[in-house]
Amino acid sequence: MTLSHFDKLKEQQRIKDVMIEITKRLQRITQKTSVLQQDIVEIRKTFWDQVTINLDDTDEAIETLASLNQQAGVLSERERTHRHTAKEMKVLKQLKRSPYFGRVDFCEENQKKAEEVYVGLASLLDHQETHFLIYDWRSPIASLFYDSEIGETEYQALDRKFRGEVQGKRQYLIKNGVLKHVFETRLTIRDERLQTVLGKQADTNMRSIVATIQKEQNAIIRDERSRMLMVQGVAGSGKTSVVMQRIAYLLYRYRKGLNADQIVLFSPNLLFSQYIREVLPELGEENMQQTTYQVYLNRTLPADIRVESGYDQLEFALTGVRDPHYKTRMAGIQYKGTPNFMRFIDCYVEELGNRGMIFSDILFQGRALFTAQDIQKLFDQTDLQLRLKNRMQLLSQLLLQELYRLQEEMKKEAWVESAVELLDKAVYQQVYQELQKKEYRQGDQDDFEAEYNQLASYVVKRELKPIKHVIQKLSFVNVWETYDQLFQYNRTPEELDCSVWREICVDTRQRLQAFLPYEDATSFLYLFASIHGYQTNTSIRHVFIDEVQDYTPFQLYMIKKMFPFSKMTVVGDFNQALHGLTQSAVDLASFTSLYGENQTSIFSLKKSYRSTGPIMLFAREIVEDDTIEPFHRDGKVPTITKAQDSRSFLEKMIGCIKKLQQQHQTIAIICKTANESKAIFSLLQAHIQMTRIEEKNESFDQGVLAIPIYLAKGIEFDAVIVHDVSSIQFSRPEERKWLYVACTRAMHELHLLYEGELTPFITQIPSDKYLHIQ
Ligand SMILES: Nc1ncnc2c1ncn2[C@@H]1O[C@H](COP(=O)(O)OP(=O)(O)OP(=O)(O)O)[C@@H](O)[C@H]1O
């Protein structure tokens, strides 16, 4: 409902008043920031003038240190305040562009008059600091704007429920301080505003959705009940958006104790990481840490291990069908992602406690300081009842004791004598001073020996330092061979047929000769951690995983172990499981089993916002899932064009792109594999200016892009052309999901081309859902 002229004038006047307040604040804060900036520059410039350096004796040195600390403290306090004011200034500037987007009139129980709660990006108090001119969208009362319709309702704040009545709701579109549009709404967030937002052209960066968050999305953003929050949401239902707004919410809710560095998001790839990088800054927050599972593996595994990329594994799954070992590898990939394989490794590890540990000699100056047999003997002395990693710690201590003993013996060796002769003058000086402190008297024979002894100690310790590291880091355990040995182990996993397992073993050992296959990376890490202990990150409080359907249960378990003090939010869509071809798929049970049912909340998002109605009606038929609800946004039905031969295929592709270029800015030609993307790119390049997106790309610009499906995951484009939807390309059951992912990247237009026979996943679709151009 549009407002009366009088009401509109009132709203316009209010915006003016609020703008005046924002401007005043901005002036104040700009002044404050500039003073702080000058202070910081001055302190940095005169830092050393303010500190008296005197290291003559211990007392003076302590005083010098204290004065240094004091000066550094003043500087860091100023820098902190400056960071804080700079952030405040940034938020005020954002408010100046659009101070608020919603209003809800809430009359609390037993109150006569409703409060007009204006909702915006951040809170703003009036000049007396008594009333909120704007409420932060994350504040408890602002949830009424997203959740409540007109009528009785309640909201929760500070462990208290506030009951009352919502008497009115308004939505605003304010640009650069000017009211462009305002209307009253009875429902939650009115479609009209959403239509406008969704009808826009695609952006190369994701945008925030605070003005139009839907009720079901808001519930996820604010949920704090469980340790594990899982969202199964259809393509385009706002899962990534919800993740980003939830991070912003948590940063606001726990602003005193939580900062962005304590949150980590696992993204599918670097392109995606870049795609979402603007959302939090747009919301006035700093970006969380981002990583991918591949990066995490590379960082956690020993540096000398070369891990296959997950995408290379996918390419193999898609294109290696003719490889004689294809079936075996695929069976191996399937099994190695399961909790059963984890348990199989547990049994193996238990047995390693009795026999089978593979140690390497610890070499020093070309000879074995400790042979593998020496190490084994010491290992056998440790308590069999202990867990392997604890026994390894004991072993390390025993080896260190031995090392200290050898250190004493070594001092008498000839090489040490020669090394002492070559020592620097400064070392002599240092040793002399140390001995003086121990009441050393010059000229005495004993003193000479004491000095030599000290110098020899210095030399031996220095030379043995790398050995100490090898012992402390347990680098004398040959984990690589221990992992290889797992596939020579005389047991067969219960779930597998003996002959299948034997083939998997041969195949794995063969592959291990070149690199660590992607499917073995997590299990290798698990074995490594069973021996070395987990390298945990205890500072992280929240882990987010996007596209979680492409993780194996084993990988999820490793992430949980890695962040022991963290809560987890995972979002995904089983219909988009790209790794379904290769990996054992995660299911709901995989999530509940991580922290237990009591600690798990599961949400479902059914409505899809990205694509037009016709695109989504078509796409949902591909995965045969009519629970997917398209958002009613008009558009053209998808077209499917048949080409008679490769020449006409190319011509039709070029024609289609040229037509789309007249209306859209970002057009993606989505191919099944990287090889196809490369091929089509080289064919089209001569006719169309375009870019090919590869795994190494970290961002993309507007224009025409050739991209494989797995890199387009999570991203969206104005128009999509799916390259070659023939039955050769899409016929295996899992390939349904690949096709679905490709089609659901389109916001406004979708076109599919093929040569030969059309994929059965499309022939099954009612013909009124698309336009078939023969
Ligand atoms: N409440 C909303 N208001 C405005 N836009 C929205 C809303 N929810 C989702 N969108 C838009 O819909 C599109 C899809 O959102 P998003 O990428 O978060 O979905 P997704 O579920 O992660 O998709 P996919 O699984 O297909 O990658 C984005 O353009 C996003 O801005």
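Predicted model: local features only at pLDDT ≥ 70, side-chain atom pairs only at ≥ 80, totals over all residues.
Residues are numbered from 1 along each chain as its sequence is written.

First, the chain as a whole. Its secondary structure comes to 28 helices and 24 strands, and its C-alpha atoms fill a box of roughly 105 × 75 × 55 Å along the principal axes. I call a residue buried if 20 or more other C-beta atoms lie within 10 Å of its own, exposed if 12 or fewer, and partly exposed in between, with C-beta atoms placed from the backbone. On that count, buried residues make up 36% of the 774 residues. Two residues are in contact if their C-beta atoms, again placed from the backbone, lie within 7 Å, and of the contacts with a separation of 6 or more, 73% come from residues 24 or more positions apart.

Now to the hairpin. Strand 6, residues 160-175, and strand 7, residues 178-184, pair in the antiparallel sense over six bridges, and Arg-170 stands opposite Glu-184 in strand 7. The hairpin has two residues between its strands, and Asn-176, which sits in that loop, has a positive phi of about 45° although it is not a glycine. Asn-176 counts as exposed because it has 9 C-beta neighbours inside 10 Å.

Let me move to strand 13, residues 542-545. In a regular strand the side chains alternate between the two faces of the sheet. Here both faces are covered, with His-542 and Phe-544 on one side and Val-543 and Ile-545 on the other, all of them buried. Strand 13 pairs in the parallel sense with strand 9, residues 263-266, over four bridges, and within that pairing Val-264 stands opposite Val-543. Four bridges also join strand 13 to strand 14, residues 567-572, which runs parallel to it, and there Phe-544 stands opposite Thr-569.

Strand 13, helix 21 (residues 553-562) and strand 14 make a right-handed β-α-β unit, where right-handed says that, with the strands pointing away from the viewer, the path from the first strand over the helix to the second runs clockwise. In the loop between strand 13 and helix 21 lies Glu-547, whose phi near 55° is a positive value in a residue other than glycine.

Next comes the ligand. A residue is near a molecule if its C-beta atom, placed from the backbone, lies within 6 Å of it. There are 24 residues around the ligand, and the closest are Thr-212, Ala-235, Gly-238, Lys-239 and Ser-241. Helix 4 (191-198) and helix 6 (239-253) each supply at least two residues of this shell. By class, the shell has seven nonpolar, twelve polar and five charged residues, where Ala, Val, Leu, Ile, Met, Phe, Trp, Tyr, Cys and Pro count as nonpolar, Asp, Glu, Lys and Arg as charged, and the others, Gly among them, as polar.

The unreviewed UniProt entry lists, under "binding site", residues including Gly-238, Lys-239 and Thr-240; such annotations may be inferred rather than shown by experiment. Gly-238 is found in the loop between strand 8 (228-233) and helix 6, and is buried, with 26 other C-beta atoms within 10 Å. Leaving aside neighbours within four places in sequence, Gly-238 is in contact with Ile-209, Gln-217, Leu-605 and Tyr-609. Thr-240, placed in helix 6, counts as buried with 23 C-beta neighbours inside 10 Å, and, with the same exclusion of neighbours within four places, Thr-240 is in contact with Met-206, Ile-276, Asp-546 and Gly-714.

I finish with Ile-657 in helix 24, residues 646-661, which is partly exposed, with 19 other C-beta atoms within 10 Å. Beyond four places in sequence, Ile-657 is in contact with Ile-667, Ile-688, Val-704 and Ile-721.

Notes: Pairing = 2+ DSSP bridges.
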